[in-house]
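Please open the model in your viewer and keep the selection panel at hand.

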Amino acid sequence: MNPLITLIGSFLLLIALSVPIAFAIGLASIVTILQLGLPLTSVVNQMFASINSFPLLAVPFFLLLGRLMNDGGITDRLLRFADSTVGHIRGGLGHINVMVSMMFASLSGSAAADTASVGAVLIPAMKKSGYPAPFAVALTAASSVLGGIIPPSILMVIYGAFGNVSVGALFMGGVLPGILVGVMQMGYVYHVAKRHGIKATGTFSFGQMGRTALIATPPMLLPIIILGGITLGVFTATEAASVAVLIGAVLAFIVYRAIPLTKLPSILGDSVVAFSLPMFAVASAGIMGWLISYLGIAQEVANFILSVTQSRIGIMLLVMSFMLVIGTVLSPVTAVIIFLPIIQGLCLAADINQVHMALVVILSLTLGLITPPYGICLLIATQIGEVSMPRAFLAVLPLIGLILLVIIALILLPSVFLFLPQMMFPKAF
Amino acid sequence: AETLRLGTVVTAPHPWIDAAEAFKAEVEEATDNRITVQIFPGGQLGNDQTMVDEIRIGTTDMIIGGVMNVSPYVPQFEIFSLNYLFEDMDEFRAATAPDSPVFEYFDNAVTDAGVGLKLLSLTGGGTRNLSSNQGPVTEPSDLEGVKMRVTGSRLDADMWQAYGALTTSLPWTEIYTGMQTGVVGAFESTISGYFSSRLYEVAPYHAKTEHQIMMSHISMSENRFNRFSGEDQAIILAAAQHAGEHGTEKGEEYDAEFIQQFEELGVTVSEVDKQAFIDRALPLHDAFAEEHGLTELLQTIRDL
Amino acid sequence: MRLINDVLERLLAVIAGSLFAIFILTVLYQVVARSFLKISVSWTDEIAMACFIWAVFLGAAVALRRRRHYVVDVFPAHFRLTQRSLRLFGSLACLPVIYVLIVNGNVLVDMGWNRRSVALGTPMAYVFAAMPVAGIAMLAFSIEVIVDDIKALRDKRAPSPSEALDP
Ligand code: NA
Ligand code: NA
């Protein structure tokens, strides 16, 4: 049997049989490695290699921050303020979720960190105000993928570095699709809020807003400190996350006295378990990613695509579909690194602009962050929202559809989407 | 046919890729395709250390990369991270020649490290220069107080602190955003790395410090090598040596080609007071060699 | 068994939590050192990374006992017998991965004595050891989880304690 069929087939079978995803990836890889007659030590070597990556450190920080904000009474204060500002608009909390993610996206390159931090605050709040839990989970995950689209984006930097494509042009190219996705999601929030009859809460009053603003001031300084610190070059995104945790802890333990210090060890212990879940899945996925490179599957895919179509739009649509499928099992960074030579080969063969193709690939892979089984943002959000994966999946489908629309528009209308990067980085074209 | 899987972290155009392709062509021709070589570029099989561990495990056969990335296994390699170790290209060529005492030293050091690697040849990976967004650098004092990105190696930090830089270790992939936001204001890299990762977009000042010629290695699984017949071993060694020479040559060629394009890209290229940079680096050579018991090796290199 | 695992789980949670605390402090120190004290540090990344990796694997072991690893439920909840059989199968299917973590993890640890970290020069074996150690904890938890699954499968009526815990 072809090892690829063993790998993918056993993986899907194991998942269908309720094997935990991280272990299903591991077991499928073990079976394939045994079939190939290779040593099993590669399994542990690749598990280590895939989580031995500095940018991943931001995830635990933001998970802990979310926990401190919730237990420490920070969330309540922030939301009271948000409520007094936009609560009178239908779907206010949902809009806040998307808006916060768009702002967050312009700070960090990591979608997972956004899901963890925004989700920890807003998913419980949205549930409390009457949104269906799966929708709260799906929206949080779907809006946080903006982190990889709106610059800065770690994925774009890596694509540019490995693929010799202008990072600046990619950043510029991410702006329009990012804003589009955000605006469409807000439209969808309005629609859902209306359908579920979620009432606007109360009426607007400046006095109320002023009072809540005062209470919320200390925690609201948090994003300002992060944003200021990053733009002034005081710290990197990961370091900013650690500073935010420190401030959050000071507020929760000392200023608001909402959590007794004696609870600190148990909070830390629980947070470790919470972040170990997505990170252990990343470790397992690393084995599969390595196997796919090792087996040289990429080349077969390129040959297949060129045998199906030679047209630019056709090739881009096929690459998009392929990346959507791949993105469900591989992390975007791994996928980019594995398939870049093939993608760029296809661009040369069909005379497709490298920046254009890069944006299609990056958006498609980013979408993989919210598609099961291995959509890390959706996984984190389901964890926070205590929703089962199938229910979250159904709820996220329309949101996936919206992002797909943007990708297809990007493929069909290069002159619109490439206008900004072309103007700013003419040398990249 | 037997297939040798060869991994490297870079993508074309890069001297290591040229070396890999030269090796592949020669081995396949000389053995009539009895031995074939499959090249995995772009870090498909992992970073250098992951690949070395895969070679030890037995799934990967060969690697081409910078020697500093094997110094976790063979610490003596760290000597090549000293700035201004080689006086010029000729001395570098002399060191990498298969009959040089330097090659012999490292051939033994790699074997003695007991990590299952066999050093086939040493090669070049291009010249390393300094880039910044703070203005042109022409002498060491221009680095005074500048936040500079270095690798995690202590020696690397010491080398640049000697010029007054404030060093910070960051992963290679975070340089672009780090430069953009100002977490760091300068970094050093190969000319081709600066060019292909488009770091000139965030670091428009490129100083020709030429502080290192990147020592690189072509290595193979010791087990795998020993299983070949004497005749095949000779073919593999010869091919690796020719590939190494080709890589060094290509490195020079690319550097010249890329630097020519910099002005067009809006980069200010500056010449530096090289002697001033060398003078501050030399005391560190002796201190490093003494601390690591490599005084003899340092002398061997100086005598080349 | 349950008593031993209770102690083990608490111990692992405390250790992992402390590692988390260390890695937060290390990253914070890095910011302070560079931006305020103006001194260069190179070892902070390595300490933070090592604590992170240990925390991930120990946390994953604790999560196994708490049944928190992500599962895709294909069959609806009211197919109780199917659900419980699958649950048992899922727990058993973790065993080969745990075996590799312990046995091959140990091989990697042996290899790690010859690979030193870049900044501190300490053998990577200390970091690799997270995998076999977590593997052994996972094995201890797995046995308990499997025994529970078998009991639940035999008992046709009452929901098992783990089912009651599930969201
Ligand atoms: Na969000
Ligand atoms: Na971003």
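Begin by selecting C:F52, which is buried, with a relative accessible area of 0%; buried means under 20% relative accessible area, exposed over 50%, and partly exposed in between, with a 1.4 Å probe and protein chains only. The model is predicted, so local features need pLDDT of at least 70 and side-chain atom pairs count only at pLDDT 80 or more, while totals for chains, interfaces and linings use all residues. Residues are numbered from 1 along each chain as its sequence is written, chains are lettered from A and ligands numbered from 1 in the order in which they are written, and side-chain values use heavy atoms, with hydrogens and water left out.

**Rings around C:F52**

Rings of Phe, Tyr and Trp (its six-membered ring) pair if their centres lie within 6.5 Å; planes under 30 degrees apart count as stacked, over 60 as edge-to-face and the rest as tilted. The pair links distant parts of the chain, for C:F23 belongs to helix α1 (residues 2–35) of chain C and C:F52 to helix α2 of chain C, 29 residues apart. Helices (H or I, at least four residues) and strands (E, at least two) are DSSP runs, numbered from the N terminus. C:F23 is also buried, at a relative accessible area of 0%.

Next, select A:F275. How many aromatic pairs does the structure hold over all chains? The number is 29. One of them is formed by A:F275 and C:F52, a stacked pair with 6.1 Å centre to centre and 15° between the planes. A:F275 lies in helix α14 (residues 264–294) of chain A and C:F52 in helix α2 (residues 44–65) of chain C, so the pair joins two chains. A:F275 counts as buried at 0% relative accessibility.

**Chain C as a whole**

Of the 167 residues in chain C, 54% are buried. The unreviewed UniProt entry annotates residues 12–32, 47–64, 85–104 and 124–147 of chain C as "transmembrane region"; such annotations may be inferred rather than shown by experiment, their positions are given in the numbering used here, and feature names are shortened. Residues 47–64 of chain C are 100% helix, and their end C-alpha atoms lie 26 Å apart. For residues 85–104 of chain C, the span is likewise 100% helix, with 29 Å between the end C-alpha atoms.

Select C:I4, in helix α1 of chain C. Is C:I4 buried or exposed? At 59% relative accessibility, C:I4 counts as exposed.

**Chain B**

Finally, turn to chain B and select B:F187, B:Y194, B:F195, B:Y200, B:Y254, B:F258 and B:F262, which ring pairs link into a cluster.
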